[in-house]
Amino acid sequence: MTQSKVSHSQNEWDLLITDANIATMDNSIDQAYGTIENAALAIKDGYIAWLGKQTDLPAFDVFATPTISAKGQWLTPGLIDCHTHLVFAGSRAEEFEQRLQGVSYEQIAAQGGGIASTVRATREADHETLFVLAKDRLNALYSEGVSTVEIKSGYGLDCENEIKILEVARLLGENHPVDVKTTFLGAHALPLEYQGRSDEYIELVCTDMLEQVVSADLADAVDAFCENVGFSNEQTRRVFNAAKKHNLPVKCHAEQLSNQQGAQLVAEFKGLSADHIEYLDEAGVKAMADAGTVAVLLPGAFYFLRETKQPPISLLKQYNVPIAISTDFNPGTSPLCSLQLMMNMGCTLFRLTPAETLAAVTRHAAMALGLADRGMLKVGMRADIAHWQISHPAQLSYQLGVNKLLNLWILGRLN
């Protein structure tokens with residue numbers, strides 16, 4: 001099956017890519033990769049204007065249309081990292097070493113470590129320092145074919161510094177080819193100055209913090225950590241209600257360490273995603289399926305923390321819940337800045353297929369961000385296109401350490 005639709009006159013294409021094999025990830029073509037072999041793809045004004053079998057290519061002016069050959073290599077949608085904490089300062093490498101030597105997380109936290117150390121370092125860093133650090137991380141993702149990244153706040157935990165993190169994230173999007181989406185995660189952890197006063201802190205998140213974020217147009221969504229070491233189900237509900245008043249979609253760090261019914265709560269609010277979800281039960285899966293909420297798996301955190309409780313993959317498939325995968329890049333529990341590594345871990349740790357992991361970082365990752373204009377190669381979609389030196393799309397989940405990316409177009413531009 002092919003798609004062949006001319007949306008512009010034949011001599012107006014900005015670029016034609018020929019001699020390609022295309023993993024469109026369009027499940028109306030097939031349920032695996034949406035494959036079109038021996039294909040061509042045309043771009044106009046940053047969007048896909050035509051694609052299909054090369055034998056079906058309409059006549060075009062060969063002198064007016066820039067054309068490149070993919071030389072039989074593969075095109076996929078640009079990859080999407082839909083859950084990151086990319087903007088922070090400081091390192092937790094010494095804590096990593098301490099944990100390996102038998103020091104408990106509680107002991108590290110009592111010494112001023114853990115998330116408190118990242119908050120302290122991030123508060124002390126200025127915009128420029130945070131920008132430079134985050135840009136290096138974004139460059140690493142970009143080099144692996146990532147064209148869209150979500151960046152959360154959550155390491156400021158006061159008005160000034162949560163705003164600072166989101167401002168840096170917005171600046172990254174304005175000064176980097178990768179498209180950046182931002183999420184306000186003020187309800188990430190309880191800052192030291194609010195110990196024993198979590199309700200007061202949640203009130204701050206729901207009022208002053210969120211109002212300033214919205215006033216400055218700094219967030220595309222709102223997140224919260226609903227967990228026994230984070231915030232209660234009721235406190236998370238307060239955050240979601242506040243987000244709803246500002247017409248911002250919600251998502252949730254849910255069921256990572258215990259079942260606090262966070263997934264059911266975010267589904268109740270028709271939320272974009274429930275993330276982590278190792279302790280998700282069938283009721284939560286069903287609620288997500290009914291609401292269209294995406295399950296975001298974070299195998300990097302599962303691996304780095306040496307967890308043993310796996311997400312309920314079979315139940316998610318049984319109820320047809322879309323599964324996305326992301327790096328969860330952060331300094332404490334997933335300092336792993338490689339989405340292709342996450343794809344491999346999705347296969348090796350969670351027994352997903354390579355086709356499922358590619359869907360998880362394209363079509364389903366786009367859904368997890370509420371983006372209907374990307375994640376597939378299809379007429380009318382953004383021309384976010386990765387060109388790979390591979391013989392089959394399964395290689396993207398199979399082989400690590402060798403950069404297979406040849407080209408990456410983002411909104412039709414080769415950067």
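Colleague: Which helices do the buried residues of H3 pack against?
Modeller: The buried residues of H3 pack against H1, H4 and helix H5 (159-174), where contact means heavy atoms within 4.5 Å. Helices (H or I, at least four residues) and strands (E, at least two) are DSSP runs, numbered from the N terminus. This is a predicted model, in which local features need pLDDT of at least 70 and side-chain atom pairs count only at pLDDT 80 or more, while totals for chains, interfaces and linings use all residues. Residues are numbered from 1 along each chain as its sequence is written, and side-chain values use heavy atoms, with hydrogens and water left out.

Colleague: And which residues of H3 are buried?
Modeller: In helix H3, which covers residues 115-124, the buried residues are Ala116, Ser117, Thr118, Val119, Ala121 and Thr122. Buried means under 20% relative accessible area, exposed means over 50%, and partly exposed is in between (1.4 Å probe, protein chains only).

Colleague: H4 came up there. What does H4 touch in the sheet?
Modeller: Let me start with the sheet itself, which is open and has eight strands in the order E6-E7-E8-E9-E10-E11-E12-E13, with parallel pairing; two strands pair if DSSP finds at least two bridges between them. E6 and E13 stand at the edges with a single partner strand each, so one side of each has no neighbour in the sheet. From one strand to the next, the twist averages 25°. Helix H4 (residues 127-142) packs on this sheet and touches E6, strand E7 (146-152) and strand E8 (179-187), with its direction making about 145° with that of E7. H6 packs on the sheet too, touching E8 and strand E9 (221-226), and the direction of H6 makes about 150° with that of E8. Axes here are lines fitted to C-alpha atoms, for helices over the stretch in contact, and angles run from 0 to 180 degrees between N-to-C directions.

Colleague: How many bridges hold E10 and E11 together?
Modeller: Strand E10 (residues 250-254) and E11 pair in the parallel sense over four bridges, and alanine 254 stands opposite histidine 276 in E11.

Colleague: Back to H6, then. At what angle do H6 and H7 cross?
Modeller: The axes of helix H6 (residues 198-215) and helix H7 (residues 233-245) cross at roughly 10° and come within 10 Å. That makes the two helices, H6 and H7, roughly parallel, since angles under 35 degrees count as roughly parallel, over 145 as roughly antiparallel, 65 to 115 as roughly perpendicular and the rest as oblique.

Colleague: Which residues meet there?
Modeller: From H6 there are Ser198, Asp199, Ile202, Glu203, Val205, Cys206 and Leu210, and they meet Gln235, Arg238, Val239, Ala242 and Ala243 in H7. The residues of this contact divide into seven nonpolar, two polar and three charged, where Ala, Val, Leu, Ile, Met, Phe, Trp, Tyr, Cys and Pro count as nonpolar, Asp, Glu, Lys and Arg as charged, and the others, Gly among them, as polar.

Colleague: Switching to aromatics: how many aromatic pairs are there?
Modeller: The structure holds eight aromatic pairs; rings of Phe, Tyr and Trp (its six-membered ring) pair if their centres lie within 6.5 Å, with planes under 30 degrees apart counted as stacked, over 60 as edge-to-face and the rest as tilted. One of them joins phenylalanine 88 and phenylalanine 329, whose ring centres are 5.9 Å apart with the planes at 35°, so the pair is tilted. Phenylalanine 88 lies in the loop between strand E6 (79-81) and helix H1 (93-100), and phenylalanine 329 in the loop between strand E13 (323-325) and helix H12 (339-348), so the pair ties together parts 241 residues apart in sequence. Phe88, Tyr155 and Phe329 form one aromatic cluster.

Colleague: Is phenylalanine 88 buried or exposed?
Modeller: Phenylalanine 88 counts as buried at 4% relative accessibility, and phenylalanine 329 is buried as well, with 8%.

Colleague: Last topic, the hairpin: how many residues sit between E2 and E3?
Modeller: There are two residues between E2 and E3 in that hairpin, and aspartate 45 in the turn has a positive phi of about 55°. Strand E2 (residues 35-44) pairs with E3 in the antiparallel sense over six bridges, with leucine 41 opposite leucine 51 in E3. Five of the seven residues of strand E3 (residues 47-53) are buried, so E3 is largely enclosed by the rest of the structure.
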